[in-house]
Amino acid sequence: MKKKILVITGDNLGIANEQIGYKDVAFMKFPVIINDEEYRESEEYTAAYLIERFKKEKVTAHTQALLKGDLIKIVEAAKDNYDVIFHVMMGSNMSAATFQMCEQVRKGYKDIIPIINIDTKQVIPGVGSILLRLIDLLKTSDDIAEITAKITEITTNTFTYLCLPDLGFLQRGGRIGKAKSLLGSILKIIPVVGLLGDEADLGFLPIGKGRTKQAANRVIIENIKQKMQKYKIETVKQIVIMHMEDNDFPELKDMEAQIKRELKFEKLIIGHPRFCEAVHTGPGACIASFSLK
Amino acid sequence: MDINTIHINSILNNSCNLLSREKNYINNLNVFPVPDGDTGLNMILTVRGALNSIKPHSFKAMSIQEYVDCFAEGALLNSRGCSGSILALFCKGISDSIKLTDGTESISNDKLSAALKKGCETAYQNTINPTEGTMLTMMRVLSQKFEQLSSDSSNNTLYLIKKIIPSLEETLKNTPEMLPVLKKAGVVDSGAMGFLILVKGISFELEYNESIIKPIFSIANILIISKYVRSFVSHKKYGKRNRFIRTFITNVPLKNISNINLTNIINMLNNLLQKKDNGKLAETIIRQLADELSETWNPNIKYRYCTEFILESENLDKAEFENKLKEWGDSLIIIHSNNIFKIHIHTNKPKTLLKFCEELGKISSTKIDDMKKQHYNLISEDRAYYNKDIALLLIVNGTGFADILKGLGTVEILCYKKVKPSVNQIHNALLKTRAKNIIAAADDSDILPALKSAITLSKSNIELIESKNVVQLISIMYYYSEIQDILQNAKAIRENLDNIKFCKIARATRDFTEDNVNVKNGDFFSIYQNRMVFSDRQKGTVIERSISKLTGMENLITIYCGKKENNIDKIVSKLQSKFENITFESYFGGQDRYNYYITFE
C-alpha cells in the first residue's frame with residue numbers, strides 16, 4: 001500500500017502555498033519582530049507590507065527561529081495519520097537554532113513516527129525549489145531511502161543568487177558571511193551574493209557586482225553557466241525567479257529574458273515574495289534559484 | 001575513550017593554534033625535499049582548512065564517525081605542500097579505519113591503534129619514494145608505540161599519547177641521522193617537528209601560552225655567520241687584526257640557535273681562537289661544516305614549481321595516472337577518494353601539466369608556488385612572513401580612485417601622484433601584502449616596466465595583469481575574488497578586462513590635429529579607443545557631444561572627475577535632462593592626467 005507522507009515546511013519558500021501542488025503540506029510561520037512587536041504572515045502582513053514600512057518608516061525588523069511547540073503540534077496531529085514526515089527546512093547554515101530544534105523533535109519522535117529533516121542549505125526560492133522537487137519525487141515513488149538520497153543530491157546541486165541593492169539587511173540579520181567584502185562601496189554597486197549548494201557550508205559568498213541591474217543579472221547567468229560546465233549539465237531541471245516587490249519589475253523581466261535566451265531548462269517558475277523573507281533582503285531584491293540535476 | 005565531537009573539536013583547535021604559533025619556527029627548519037620555507041604554513045593551511053570544513057554550528061550534532069570523515073575530507077581538499085599532503089593521507093587512513101557502527105559514540109584504544117596504523121600505512125603507500133627521517137617516521141613511531149602501550153586496557157588514551165611523546169621527541173632528534181641532508185643543514189626535519197607539535201597539542205601537555213621552542217634565528221643569519229666563519233678561517237684571519245669578525249662571531253647568541261651544525265661551528269671556532277696554529281681544525285670547520293651548511297641551504301632546485309590541484313574524474317585508473325604524472329617531476333603525492341584526486345607534484349611545467357590534466361577531468365583548487373622565489377625569501381635578510389594565500393595590488397593615480405577601488409573589495413592600493421612609483425616603492429608594496437600569491441596591475445602602461453622589475457625582485461608568485469587605465473582596474477575589482485585561486489582569478493580578470501566602455505577627456509597644451517580633429521591649445525578633447533572623438537573650447541560641450549556619439553544600449557553613465565574638476569553638478573543635471581532614459585552618476589577620481597573619465601554601462 002502506498003505510504004502516507006506529510007511534508008512540513010516554513011513560510012520562507014520564495015513561492016506561494018498555492019504553487020506547491022500537494023495536499024498534505026503543513027506550514028510553519030517564522031515569527032517576525034518589527035519594532036519589538038511580533039507578527040506572522042497573513043493576508044495583511046505580507047512582503048509588500050514590510051517593504052513599505054522599510055521605505056516609509058525606516059523600521060527595523062528581524063526574524064526568530066521556528067517555535068518547537070508549533071512543530072510538536074503538527075507532529076502530534078500527524079503521527080497517527082501518516083507513515084512518514086518530510087520536513088523541508090531553511091539551511092542549517094542560515095539558522096542553526098531552527099535546525100537543532102527540528103533535530104531534537106526528530107529524535108524525540110524516532111520511535112513514534114520517522115521524521116526526515118531535509119537541510120536544504122538554502123533560503124527563499126532555494127528552499128521552495130527543493131520543496132517542489134521533493135513533491136515531484138513523492139508523486140512517483142514512496143521509497144523513502146531513495147527519495148532521501150535523491151533530495152540530498154538535489155540540495156548540493158541547487159544554486160541561489162541574490163541581487164541585493166542594500167546588503168545592510170543581510171548584515172543586520174547576521175548572515176552576511178564572506179559577502180561582507182561587498183559592503184561599504186563608494187561607487188554605487190549592486191552586489192550579487194550566492195548560496196551555492198556545492199559550497200553551502202561557507203554561507204553567503206560574494207559572487208560579483210554589477211553597476212546596473214542588468215549587469216548584476218549577467219553576473220548570475222555567467223556564474224550558473226560555469227556551474228553547468230563544471231557539472232556537465234546541458235539542461236537545468238528547474239529555475240525559480242522572483243522579485244521582492246513586484247514580479248513586473250524590469251530587472252526580473254530582464255532576468256527572465258536572459259535565462260530564456262541563454263539557458264536550456266525544463267521548468268521556469270516565477271516565485272512569490274513572503275513576509276519573513278523581506279526582513280533579510282530589503283526592497284529591490286531580485287533572486288534566482290537553479291536546480292541543476 | 002569516552003569522548004564527544006565537542007571535545008575532539010576543541011582538542012584539534014587547540015592543537016592547530018599551537019601549530020600556528022610555531023609556524024615560523026617550523027618554516028625555518030624546512031630543508032627537505034626543497035628548502036622553500038613553507039612547511040609550517042602548509043601544515044597550518046591543511047589543518048585549519050580541515051577544521052573550517054566542519055560547520056561550527058553542526059559538529060555538536062555529528063557522530064564521531066561523521067566528524068572524522070568530514071575532517072579527513074576537509075584535510076584532503078585543503079592539503080598544501082608535501083607536509084600537508086602527507087598529513088591529509090594520514091587523516092584519510094584514520095577515517096577509513098574508524099568505522100563505528102551506528103550510534104556508537106566511543107573509540108576503544110584498540111580501534112584507535114588500528115586507525116593510527118592504517119593512517120600510517122596510507123601515508124607511506126601513497127607517497128611516491130617515502131623517505132625516513134620525515135613526518136612519515138614520526139607517524140610510524142606513533143602508531144607502533146600506541147599499539148604496544150594500548151594492550152593495557154586500563155590506559156587512558158590521552159595518557160597514552162603523553163607517554164609516547166618522549167619517543168617522538170627522540171625520533172625527531174634522530175631525523176638528521178636518517179636523512180643526510182638534514183645533518184648537513186644542521187636541523188631536524190620540519191614536517192616531523194610540525195607533527196610533534198600537533199601531537200603535543202593533542203596531549204594537553206603544554207600550557208596554552210607557553211612556547212615549546214627557542215626564539216627564531218633566521219636562515220639568513222645562519223648563512224651570514226657561516227659565511228663569516230668560512231672567510232675568517234680560510235684566510236687565517238684569526239689574529240688580533242680581524243677584531244670585527246672575531247667580536248661578531250664570539251657574540252653570536254648560541255642559546256638562540258636551533259641549528260646544531262652552526263652551534264658546533266662556533267664552539268670549534270672558539271677552540272681555534274684559543275690556539276695559535278691549528279690548521280687541521282680550521283680545515284675541518286671549512287670542509288665539513290661551513291661549506292656543507294651553505295650548500296644545503298642554497299641548493300640547485302631541479303623542479304621549480306610546487307604544483308597542486310584537485311582533479312575530478314570518474315574513470316581514471318590511479319596507477320596509470322600516477323605513471324603518467326611521474327614523468328612531469330618529483331615529490332609526487334596523489335590522494336584519491338571516490339572520484340576526486342588531490343595531486344601534489346614538483347614540476348617545471350605547471351601550466352602545461354594542468355592543461356594535460358584538464359583533458360582527464362575537471363580541475364579545481366589549483367595552486368602553483370615558485371619554490372625558487374620561496375627559497376630566496378627563506379635565505380634573504382628581509383624575509384617576508386606570509387600571512388595570506390592571495391592578494392591583489394593595484395597601482396593607481398588619484399586619491400578618489402584609490403577610495404573607490406578600496407570600497408569594491410579587499411585590495412592593497414599603491415596610490416601615486418604626478419610622479420610614477422619607483423621599482424623600490426612597488427617592491428615594498430608587494431612585500432607589504434604579505435601574500436604568497438599576488439595579482440598586480442597598474443592604471444598606466446608606462447608603469448609596467450617598473451612593475452615587471454619589482455616582480456623579479458619579489459619572492460611571491462605574481463600574475464601581472466597588463467592593464468592600461470583606471471577603468472580596467474575597476475573592472476579587475478568586479479572580477480577578483482578572494483575565494484578563487486590566482487590562476488582562476490587571472491583568467492577571469494583577463495577575459496573581462498575590457499568589459500567597460502569608456503572615453504577620457506583632457507585639455508590640450510598645444511595646437512595639434514589628429515584623426516581629422518583640430519585641437520587648439522586650451523581646448524578640451526575626448527579620446528575613445530585611442531582615437532580622437534571631439535574637441536571644443538567648452539568642456540560641457542565635449543562631454544555632451546561625446547556621450548551623444550558613443551552611447552549605444554547603455555543606461556548608466558558615470559563621470560569620474562580629475563583633480564581640478566570638482567564642479568560637475570551643473571553639467572550632470574543638464575545631461576540628465578537631455579538623456580532622460582540614462583542614469584548619470586559622478587564621482588571624484590582625483591587623477592592628475594585626464595580631466596574626466598566617462599564610462600558607459
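Predicted model: local features only at pLDDT ≥ 70, side-chain atom pairs only at ≥ 80, totals over all residues.
Okay, let's start where the two chains meet. The contact takes 21 residues from chain A and 21 residues from chain B. On the chain A side, the elements giving two or more residues are α3 (96-108), β10 (205-210) and α7 (213-230). Which of those gives the largest share? That's β10(A), with 4 residues. And if you sort the chain A side by class, you get 6 nonpolar, 8 polar and 7 charged residues.

Staying in chain A, have a look at the sheet. We have an open sheet of 4 strands here, in the order β2-β1-β6-β7, with parallel pairing. β2 (25-28) and β7 (115-119) of chain A are the edge strands, so to speak, each pairing on one side only. On average, and ignoring direction, neighbouring strands in this sheet are turned by 20 degrees against each other. If you zoom in on one pair, β6 (residues 84-89) of chain A and β7(A) run parallel and are joined by 5 bridges. Within that pair, M89(A) stands opposite D119(A). Then there's a helix packing on this sheet: α4 (residues 125-140) of chain A, which touches β1 (5-10), β6 and β7 of chain A. The direction of α4(A) makes about 155 degrees with that of β6(A).

Now over to chain B. Chain B has 24 helices and 16 strands, and of its 601 residues, 44% are buried. Among the contacts in chain B with a separation of 6 or more, 69% are between residues 24 or more positions apart.

Chain B also has an open sheet of 4 strands, ordered β2-β3-β1-β4, and this one has antiparallel pairing. Where are the edges? They are β2 (329-337) and β4 (362-370) of chain B; each has a single partner strand, so one side of each is left without a neighbour in the sheet. Strand β1 (residues 305-312) of chain B runs antiparallel to β4(B), and 7 bridges join the two. Y305(B) is the residue standing opposite D370(B) in β4(B).

Strand β12 (residues 524-528) of chain B and strand β13 (residues 531-536) of chain B run antiparallel, with 5 bridges between them. F524(B) faces D536(B) across that pair, standing opposite it in β13(B). There are 2 residues between the strands, and Q529(B) takes a positive phi near 50 degrees.

Two packed helices are described by the angle between their axes and the distance between the axes. I picked two pairs, both in chain B.

First pair: α3 (residues 39-52) and α4 (residues 64-78) of chain B. Their axes come within 7 Å and cross at roughly 135 degrees, so α3(B) and α4(B) count as oblique to each other. The crossing of α3(B) past α4(B) is right-handed. From α3(B), L45(B), T46(B), G49(B) and A50(B) meet F71(B), G74(B), A75(B) and N78(B) in α4(B). That contact divides into 4 nonpolar, 4 polar and no charged residues.

V423(B), I426(B), H427(B) and L430(B) in α19(B) meet A450(B), L451(B), S453(B), A454(B) and L457(B) in α20(B). By class, this contact has 7 nonpolar, 2 polar and no charged residues.

Last bit, the backbone. Most residues other than glycine have a negative phi, and most peptide bonds are trans. So which spots are worth a look? One is the cis peptide bond between F32(B) and P33(B), with omega about -5 degrees; P33(B) sits in the loop between α2 (23-29) and α3 of chain B.

Another is K232(A), not a glycine, yet with a positive phi of about 55 degrees. K232(A) is in the loop between α7 and β11 (235-243) of chain A. Buried or exposed? K232(A) is exposed, with 7 other C-beta atoms within 10 Å.

And R434(B), also not a glycine, has a positive phi of about 50 degrees. R434(B) lies between α19 and β7 (435-442) of chain B, in the loop. With 15 C-beta neighbours inside 10 Å, R434(B) counts as partly exposed.

Definitions and conventions: Residues numbered from 1 in each chain as written. Chains lettered and ligands numbered in written order. Contact = placed C-beta atoms within 7 Å. Nonpolar A, V, L, I, M, F, W, Y, C, P; charged D, E, K, R; others polar. Pairing = 2+ DSSP bridges. Axes fitted to C-alpha atoms, helices over the stretch in contact; angles between N-to-C directions. Buried ≥ 20, exposed ≤ 12 C-beta atoms within 10 Å, placed from the backbone. Parallel < 35°, antiparallel > 145°, perpendicular 65-115°, else oblique. Left-handed = near helix turned anticlockwise from the far one by under 90°.
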